[in-house]
Amino acid sequence: MSAAKRAMTESQPEPQAAARDAVLGTGVEGEPSAAQADSAGPAVTLGDTAPETDRRAAQANGAGPAVTVGDVADERNHGVDPRVAPEADVHGAEGDGVGEAAVARIAAQAAAARDAVPAPGAGAGVSDARAAGGRVPVLAADQLRRYFPVPRQLGKRGPVQQVHAVEDVSFDVAAGEILAVVGESGCGKSTVARMLAGLTEPTVGRVLVDGAELPARRTPEQQRVVQLVTQNPRAAFNRRRGIRHALHQPLRVHGLAAGAREREAAAVETVRRVGLSEEHLDRMPRDLSGGELARLVLARALLVGPRVLVLDEPTASLDASVKATVVNLLLRLRDELGLAIVVITHEIDIARRLADRAAVMYLGRVVELGPAAEVLHAPRHPYARMLLASVPRPDPTRTGPALAADMAADGAGEVPSAVTPPSGCAFHPRCPLATQVCAQEVPEERMLGGVRVMCHHAEDAGTETGAETAVETAVDGSVSGSAAAR
Amino acid sequence: MATTLEPGAKPGTAAPPDTASDPSPGTGPNPVPRTALLRVRELSVTYPSARGAVPAVRGVSFEVRPGEVFGLVGESGSGKSSVCSAILGMLPDGARLDAEGVEFEGRDLARLRERELRPIRGRRIALVPQQPMTSLSPTTPIGRQLRWYLGERLDDPSVRETLASIGLAAVLDRGRDLPGAFSGGQLQRLVIAIAALAHEPALLLADEPTTTLDATVQAQVLKLLLTLREQLGLAVLYVSHDLAVVSQLCDRVGVMYGGRLVETAPVAELFGNPRHPYTRALISAMPAMTPDDRPLRPIPGSAEGANLLPGCPFAPRCAERVAACDTAMPATVRVGRTRVACHRVPDEEAK
Amino acid sequence: MPERPRLRARHLRHLGVAGWTGLVLVLLYLLVATVGRLHGSPTELVTLGPEAPSAAHPFGTDHLGRDLLARTAEGAWTSLWICLTSVGFAVVVGTAIGMTAGYRYGGRLDTLLMRGVETVQALPQFIFVMFVIGLMGTGDMHFGPVTVGNGLRVALAIGVGFVPYFARVARGATVVEMREDYVVNLRGLGVPAREIVFREVLVNVLPPVLGQAFLAMAIAVFAEGGLSFLGLGVPAPHPTLGNLVADAGGQILGDAWWYATLPGTVLVLGILGFNLLGEAYGERDRNRGTRFARSPRGGGTPAVPAVPPKATVTEETT
Amino acid sequence: MATYILRRALGVLVVMFAVVSGMFLLLHVSPVSPVNQLAPQIAADPVARAAFEHAHGLDRPLVVQYGDYLGGLLTGDMGTSLYDGSDVADQVGRALPVSLELGFLAALLAGIPAVLLGTWSALRQGRTVDHVTRVVTVVAMSLPGYWLAVLLLVSVDDPDYLPSAGGFVRFAEDPVRNVQVLLLPALVLGLGAFAMVTRSLRGGLVEAYASDHVAFARAMGSSRTQVLRRVALRGAVVPTLTVAGVLIGGLLSGTVLVENVFQIPGLGQLMVTAFQRQDYQLALGGCVATAAIFLLLNLVVDLLYLVVDPRTRQGLARA
């Protein structure tokens with residue numbers, strides 16, 4: 001695994017500190033209460049080195065994550081009106097209905113969850129990264145591959161064909177960082193998400209958390225560490241079960257709250273954290289709007305105290321005015337909880353908003369990976385450029401919609417089948433820069449100024465700096481053509 | 001129907017059809033004739049439900065000129081697709097259509113019966129459906145379906161050439177395959193080609209034709225629509241929820257909310273100087289329209305039930321609401337080349 | 001919980017014309033069964049021969065002079081009991097088999113279970129039951145201390161015949177449900193498979209199964225009647241609706257119209273009632289919460305009328 | 001394609017084998033021994049009983065009897081009746097065509113009106129015709145054939161045109177009379193099937209009419225008949241095929257009852273008589289024949305699927 005180099009945008013807080021702060025339950029909010037210090041303390045002092053003791057300590061404190069009723073009362077005393085919808089001021093951590101108790105509790109859960117992971121030692125690459133950059137990856141995908149057998153046609157013989165859904169995917173995410181994985185349908189991004197969450201077994205490759213491998217078949221404790229949020233929030237809840245049941249269930253299953261009252265308290269708190277109120281608990285999924293459900297799915301994932309959130313198209317099914325709510329919520333959660341977040345999306349706009357780093361996938365491979373400021377604004381890989389150019393921009397002085405169509409060779413705009421991917425670079429049949437070598441050899445990854453690119457011609461293809469100019473240049477040649485078409 | 005919902009407002013008089021005083025639609029490629037191809041006046045659609053009739057479209061008026069791409073934007077439930085179905089006379093059973101007129105080529109579509117509508121459908125007005133994957137019969141080979149719709153034109157070399165030029169040569173070669181064997185992009189292009197080429201209609205109704213498609217495929221489809229518009233002189237009514245797409249494709253845009261058309265304007269005008277608070281909120285909720293260092297501004301509240309409000313449908317979520325917004329439906333007024341239905345706009349203009 | 005009464009009221013409202021009619025018919029069936037039992041003894045000879053309906057004997061009497069109302073009532077109870085037992089048995093066993101197979105969809109256990117089920121299904125259900133009952137004879141059977149009465153055996157035989165049916169429905173529903181997003185989410189949350197299947201998936205598999213159960217009740221009443229009619233069901237002195245009709249057919253009495261008509265009408269009441277209930281249930285289940293999204297405030301106005309249903313759906317799912 | 005058909009046919013054979021084995025075993029482990037029932041005097045005397053069992057091969061090990069029976073089946077020999085010593089295959093062979101004819105007639109009488117009514121009510125969805133159809137079909141589904149038959153026996157008896165019971169005449173002897181005799185039973189038998197086909201066809205058509213591709217066809221100006229012929233009807237046949245398995249089963253079960261009431265010497269009556277006389281060899285033969293027909297017809301339905309819905313040919317997986 002090539003250790004991805006550190007490249008954070010300026011606005012990011014120092015991640016290591018952020019992670020530590022999250023664990024401590026400080027930093028984000030003011031003074032931790034005594035109870036928080038109790039439950040979160042051991043996790044810090046003992047750290048990774050003595051998980052055994054740590055776990056015992058956590059258990060002694062009611063398994064860490066258990067919220068005492070006192071915590072909730074505490075929050076009430078702060079005079080926060082639970083009914084105030086925080087959309088109005090989403091970015092402010094204070095005054096939006098989230099008490100310190102919640103932060104501490106979830107941080108403690110995260111600590112407990114991390115202890116469930118086997119002690120480090122396996123992930124050499126990750127320690128390298130730690131030594132080199134100071135950015136500590138929480139989650140790492142290490143050369144993941146996944147093939148699916150193709151169901152055979154009636155009466156056809158021959159060897160079983162394979163869909164090469166995911167082909168050698170490696171990346172990592174640090175605490176307090178959002179990695180966006182962008183690509184079009186069928187590029188394998190959802191399969192990656194499922195492998196990260198332990199729902200699909202990789203054909204080859206590993207998923208590591210804190211340098212230790214998470215097996216494909218995870219224990220309940222390990223399962224909590226990486227939480228997947230699926231695309232359609234309406235389908236994510238059992239349509240015949242109430243929201244209360246859905247939110248109590250994970251707490252009960254993992255023994256994260258001592259009794260029904262504690263579970264209710266934890267559920268109410270988390271529901272408020274995502275900007276809803278406890279009356280939502282009484283509803284059935286069909287009585288809620290898409291935006292509310294999207295937030296409730298997030299709330300449910302947060303209840304088990306994950307360290308990593310994997311979001312599969314979190315905003316794709318939402319209306320434009322609701323998308324913004326979810327985007328702001330995710331940014332806030334990242335900052336407050338120090339979560340490592342992987343966002344799988346085809347919406348470049350959303351990815352630009354959210355991501356610190358970004359990966360572009362095409363036919364099962366990550367073709368470009370690096371800081372979002374570069375990858376999502378001035379990409380180097382021809383596919384990434386085509387993808388970006390095809391994103392409609394709200395530009396009333398428009399230059400025509402079909403920039404991307406012009407970039408591709410005429411009429412060859414079809415994504416090839418993943419059953420028989422093209423030889424060499426999978427993009428070469430559609431690539432304007434393709435040469436003979438592209439059809440023959442799979443390009444190696446090369447580093448260009450902190451960006452990992454898989455292209456034979458990455459160096460040639462314009463190394464301009466500055467976000468917009470590169471895209472404009474890449475697209476310029478075609479503008480005339482499309483203007484002529486109009 | 002519509003007038004009862006609109007106390008004190010006679011939009012027809014307040015905002016006369018703007019063809020007369022708006023000679024140049026600006027960005028369109030052709031000098032646009034003054035007569036509208038399609039003129040929808042005070043269109044209302046009501047659906048029955050267990051709890052009584054639900055208005056989906058309320059007093060919508062707009063027009064599409066020859067060769068123009070007119071965008072109809074709105075979030076889910078705003079009624080935009082119902083407008084589309086109403087024009088074709090293909091509302092579901094039980095739905096009620098009221099209109100002062102849906103005039104198209106000298107006939108009022110709202111008054112025609114099914115039998116009289118049939119020769120217009122497909123021939124003068126064609127539909128590009130939302131779901132390319134399911135809009136062709138899944139059990140019939142694609143070649144035979146092409147034959148159904150295109151008939152002898154399928155043998156016409158120029159038609160074949162056009163099909164090949166939009167990347168459908170492969171589809172022609174694989175005529176014995178079922179639709180399921182093709183990608184969504186191929187099918188959507190095929191469906192558009194069928195709609196546009198079968199009888200070369202004057203108007204294409206595109207009901208969210210790219211919603212289910214990927215970005216690069218969407219770009220191809222949009223380009224195809226523009227090419228066809230250019231080659232065949234089609235007018236397009238483009239229904240979408242995506243402001244960004246609409247901004248790139250359309251000459252004029254109508255914004256729908258809660259069954260009402262709240263603002264209609266040329267696209268540059270709409271983005272450059274949005275008049276209705278909803279339009280403004282919608283634009284500023286777009287990630288691409290907000291500077292990176294500022295948080296996104298979601299619109300508070302939800303659109304649910306907006307189509308039942310007696311006053312302005314956007315009133316409960318509007319930051320600029322005044323007392324009249326809750327009780328009276330604002331009249332549609334003309335401001336420059338924009339037509340907008342907002343109580344506040346006349347005040348502003350007066351300043 | 002304020003949820004409960006509201007839910008139930010909604011169920012009733014959504015019963016529709018068919019459902020209400022079905023309910024009334026089933027109640028009528030039960031009414032006849034109850035009144036008739038109070039009316040008299042099913043085996044006592046009250047007249048000398050067949051007599052037309054009268055105030056004393058509202059359904060008339062049969063060829064041996066027994067009161068037909070009492071016999072019909074007795075038969076109605078027997079039929080009801082047999083059909084409830086058989087369908088209950090089939091629902092429990094069939095759902096268990098079907099859900100297990102569906103959970104292991106495509107695996108060996110699935111193949112094994114479904115092959116077994118298919119074998120039972122290789123005979124038309126009625127003929128299967130006839131074969132089993134025919135082999136066992138119609139007397140009581142003794143397994144050590146346990147006596148399996150004739151009625152129970154008929155019920156079980158019919159039930160076994162139904163098992164493949166429910167197994168298929170349950171398996172199909174389970175396979176569909178297991179592919180739903182919420183199952184993926186629950187797995188991702190670390191909820192054990194056992195709980196997912198038996199607490200979450202089950203609530204979604206049961207409605208279609210129960211919908212079929214109503215139809216199966218109708219078929220069971222029908223089948224029990226058929227078996228008794230052929231003399232392979234509950235034997236002679238004990239009345240069932242089937243052997244009453246058979247007796248009438250055997251003793252074709254040109255003028256004793258009531259003998260064939262009245263017990264048969266009660267039989268039809270039951271079958272029709274269950275059929276209508278099944279249809280209403282299926283209809284309700286299909287319409288449920290799909291097309292018309294309800295407003296978040298619960299009972300308020302329908303927010304977005306599904307209008308063009310397609311539009312709403314796609315915007316939600318793409 | 002051919003391999004698929006072959007595989008399915010092979011599957012039918014396997015299931016058939018399982019069914020025969022199952023029934024044979026059930027028969028022989030069942031607590032009622034044919035000997036006890038048939039000849040009480042013989043059964044009481046151990047010597048005579050042994051001789052009887054030996055004469056009929058009943059004292060051999062079960063496996064041998066089983067192998068024998070299977071071998072016999074392959075050569076068309078179904079054993080002999082213990083009741084009267086007649087040849088089972090012979091009896092089944094005589095009864096089978098009668099039942100098939102009855103079933104065919106019933107299917108015909110049910111199918112034609114069902115297709116018409118189903119299509120009509122789907123096209124007039126929500127109107128009076130549709131409502132009437134729904135009521136009529138539910139009632140038709142709920143009328144037990146045997147009861148209806150009894151009622152008809154009581155009420156209709158016109159020996160010249162619609163003879164109701166007895167007096168069965170073979171088709172070869174007098175075709176007109178044969179059809180006359182079978183008409184009433186076939187009507188009774190077909191009633192349920194008629195209701196089910198009508199409903200499934202209506203449901204399938206309504207669903208097809210609500211589909212995107214019908215909407216597109218309409219938006220392209222296709223006429224009503226074009227839509228019906230090209231797109232809708234094909235979609236509507238699929239659900240009907242899906243209930244076909246149940247339908248066939250219903251018809252086969254129905255024949256048992258209806259033949260009994262109307263005294264038609266078909267397979268159904270043969271089996272019932274055999275069970276009543278506890279002539280298990282004959283009953284087994286009847287059941288084997290019924291199972292074979294049932295499985296064969298189901299195979300035909302499966303293959304029809306391939307014709308009607310070519311997707312099954314490509315996708316293959318039918319969950």
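Figure 1. At a relative accessibility of 17%, Asp349(A) counts as buried, because the cut-off for burial is under 20%. The view is taken from a predicted model. The side chain of Asp349(A) meets that of Arg352(A) in a salt bridge, with an N to O distance of 3.7 Å. Both residues belong to helix H14 (residues 348-354) of chain A, where they are three residues apart and thus separated by about one helical turn.

**Figure 2. Salt bridge between Arg41(B) and Glu100(B).** The closest N and O atoms of Arg41(B) and Glu100(B) are 3.6 Å apart in this salt bridge. Arg41(B) lies in strand E1 (residues 38-47) of chain B and Glu100(B) in the loop between strand E4 (96-98) and strand E5 (101-104), so the pair ties together parts that are 59 residues apart in sequence. Arg41(B) is partly exposed, with a relative accessible area of 29%; Glu100(B) is also partly exposed, at 47%.

**Figure 3. Salt bridge between Arg244(A) and Asp282(A).** A distance of 2.7 Å separates the closest N and O atoms of Arg244(A) and Asp282(A), which form a salt bridge. Helix H10 (residues 243-253) of chain A holds Arg244(A), while Asp282(A) is in the loop between helix H11 (260-273) and helix H12 (290-303) of that chain, so the contact ties together parts that are 38 residues apart in sequence. Arg244(A) is partly exposed at 23% relative accessible area, and Asp282(A) is partly exposed at 40%.

**Figure 4. Strand E12 of chain A and its partners.** In a regular strand, side chains alternate between the two faces of the sheet. In strand E12 (residues 451-454) of chain A, Val451(A) and Val453(A) point one way and Arg452(A) and Met454(A) the other, and all are buried. Strand E10 (residues 365-371) of chain A pairs with E12(A) in the antiparallel sense over two bridges, and Glu368(A) stands opposite Val453(A). Strand E11 (residues 445-448) of chain A is joined to E12(A) by four bridges, also running antiparallel, with Glu445(A) opposite Met454(A). The hairpin of E11(A) and E12(A) has two residues between the strands, and Gly449(A) takes a positive phi near 55° there.

**Figure 5. Charged groups involving chains B and D.** A patch of positive charge on the surface gathers Arg113(B), Arg115(B), Arg124(D), Arg127(D) and Arg224(D). Arg224(D) lies in helix H11 (residues 224-262) of chain D and is partly exposed, with a relative accessible area of 46%. A network of salt bridges links Glu114(B), Arg118(B), Arg121(B) and Arg218(D).

Key:
Residues are numbered from 1 along each chain as its sequence is written. Chains are lettered from A and ligands numbered from 1 in the order in which they are written. This is a predicted model: local features need pLDDT of at least 70, side-chain atom pairs count only at pLDDT 80 or more; totals for chains, interfaces and linings use all residues. Side-chain values use heavy atoms; hydrogens and water are left out. Buried means under 20% relative accessible area, exposed over 50%, partly exposed in between (1.4 Å probe, protein chains only). Two strands pair if DSSP finds at least two bridges between them. Patches are made of residues with over 30% relative accessible area and no salt bridge: like charges are joined within 9 Å, nonpolar side chains (Val, Leu, Ile, Met, Phe, Trp, Tyr) within 5 Å. Accessible areas come from the Shrake-Rupley method with a 1.4 Å probe; for residues, only the protein chains shown count as cover. A salt bridge is a side-chain nitrogen of Lys or Arg within 4 Å of a carboxyl oxygen of Asp or Glu. Lys and Arg count as positive and Asp and Glu as negative; His and the chain ends are not counted. The place of a charge is taken as NZ of Lys, CZ of Arg, CG of Asp or CD of Glu.
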